[in-house]
Amino acid sequence: MTNTPPVCNYEGSDYQTTFWEQGGRAYEDKAEEFALRRMLPPAGNLLLELGAGAGRNTPRYTAYNRIILLDYSRTQLQQARAKLGDSPRYTYVAADIYRLPFRTALFDGATMIRTLHHMADAPQALAQVRRILAPGANFILEFANKHNLKAMLRHALRQQTWSPYTLDPVEFAALNFDFHPQAVRGWLQAQGFAVQKTLTVSHFRLGILKRSLPPSLLAALDSLFQPTGALFQLTPSVFVQATLPAPSAPLPPPPASALELFQCPSCGASPLQEQPGFLLCPSCLSQWAYQDGIYDFRQPA
Ligand SMILES: C[S@@+](CC[C@H](N)C(=O)[O-])C[C@H]1O[C@@H](n2cnc3c(N)ncnc32)[C@H](O)[C@@H]1O
């Protein structure tokens, strides 16, 4: 097994309830919906949602025929499954983004929202995403922006030790990173992505504004300002839409069964063999559990 960076573990976390449902984040949630609408393609086959959490954004991906929800936390996926249910439309996969258990060039779309900020090695994570995307694929990436107005002000007033202007990530809490937009663009380009659109999101993340204006109005105003992201990025959250070069030949049809999606995250072999309660790697003999509707590729069973 290769050495990969540590994972920010959400196992057992009530993030969806405390942060989103009871945390006064209706404005941010709606503003993200506007940004996603501007970046999602009109139609797609197979989408990988990286760091899907409890599936907050999943119902917004209506353009895609089928969605694979991937998260390291099994309990987050259980919440997503309780919300979205079991159907051929959704597949739930517990795995590490640094060791994606999918065949190469499989997906025509991927999203990674509020998840890159947990990556201690963002370029390594993005290289994994690149590997599993097919030519022409659409990738929507949200990241936490260190080059934001609040950080600039605090830096000018000497209330913060780190500089918002340098390209290195800043770890503001354990396994929570802010990134410089120029660094993220560079990492995407190094992987062969072309950045198509940049939107700035959460322009009005200020207590006083959030207390005085209804979330829907604030989100509508946010939406008006989002396209300024093409020119400058000073908000705490940035969305980037990036694509891979178009295919030179027609793409193969999308997999008909879940089994056709996977390769062994330990040795890369595929196809895996279906056994009662697990998938077996015919090459390294690792067993990957399948339990209560969730494929588990974190550690062999
Ligand atoms: C802040 S939550 C965001 C969830 C969802 N995208 C949303 O916006 O509501 C971050 C998610 O990333 C997942 N995560 C963090 N590190 C991961 C890794 N290395 N591999 C897979 N998932 C990871 C966490 O378990 C958590 O569910």
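Which residue in β2 does G44 stand opposite? Select both strands to see that G44 faces Y64. The model is predicted, so local features are given at pLDDT of at least 70 and side-chain atom pairs count only at pLDDT 80 or more, whereas totals for chains, interfaces and linings use all residues. Residues are numbered from 1 along each chain as its sequence is written.

Keep β1 (residues 44-50) selected. Strands β1 and β2 run parallel and are joined by six bridges; two strands count as paired if DSSP finds at least two bridges between them. β1 also pairs with β4, in the parallel sense, over four bridges. A residue is called buried if 20 or more other C-beta atoms lie within 10 Å of its own, exposed if 12 or fewer, and partly exposed in between, with C-beta atoms placed from the backbone.

β4 and β5 pair in the parallel sense over five bridges, and the partner of G109 in β5 is N138. Nine of the twelve residues of β5 are buried.

Eleven strands form an open, mixed sheet in the order β8-β9-β5-β4-β1-β2-β3-β13-β12-β11-β10. β8 (194-201) and β10 (273-275) stand at the edges with a single partner strand each, so one side of each has no neighbour in the sheet. From one strand to the next the twist averages 20 degrees.

**Helix α3**

Select residues 74-84, which form α3. The buried residues of this helix are Q76, L77, Q79 and A80. Seen down the axis of α3, they fall within an arc of 155 degrees, so they line one face of the helix; the arc is that of the directions from the helix axis to the C-beta atoms. These buried residues pack against α1 (15-21), β2 (64-71), β3 (90-94) and β13 (294-296), where contact requires C-beta atoms, placed from the backbone, within 7 Å. Just after α3, G85 takes a positive phi of about 80 degrees.

Move to α4 (122-132).

Then select α6 (residues 181-190), which lies across β5, β8 and β9 (237-243) at about 20 degrees to β9. Which residues of α6 are buried? They are P181, V184, W187 and L188. These residues cover an arc of only 125 degrees around the axis, which puts them on the same side of α6. Their cover includes α4, β5, β8 and β9. The face turned away from the buried side carries the exposed residues Q182, Q189 and A190. Just after α6, G192 takes a positive phi of about 90 degrees.

**Two single residues**

Select R114, in the loop between β4 (107-112) and α4. R114 is partly exposed because 18 other C-beta atoms lie within 10 Å. The C-alpha atoms of R114 and L188 are separated by 17 Å, at 74 residues apart along the chain.

Select T17 in helix α1. T17 is exposed, with 12 other C-beta atoms within 10 Å. The C-alpha atoms of T17 and A54 are separated by 9.6 Å, and the two residues are 37 apart along the chain.

**The ligand**

Finally, centre the view on the ligand. There are 20 residues around the ligand, of which Y10, G51, G53, R56 and Y72 come nearest; a residue belongs to this group if its C-beta atom, placed from the backbone, lies within 6 Å of the molecule. By class, this shell has nine nonpolar, seven polar and four charged residues. Here Ala, Val, Leu, Ile, Met, Phe, Trp, Tyr, Cys and Pro count as nonpolar, Asp, Glu, Lys and Arg as charged, and the others, Gly among them, as polar.

Methods. Helix = DSSP H or I, 4+ residues; strand = E, 2+ residues; numbered from the N terminus. Contact = placed C-beta atoms within 7 Å. Axes fitted to C-alpha atoms, helices over the stretch in contact; angles between N-to-C directions.
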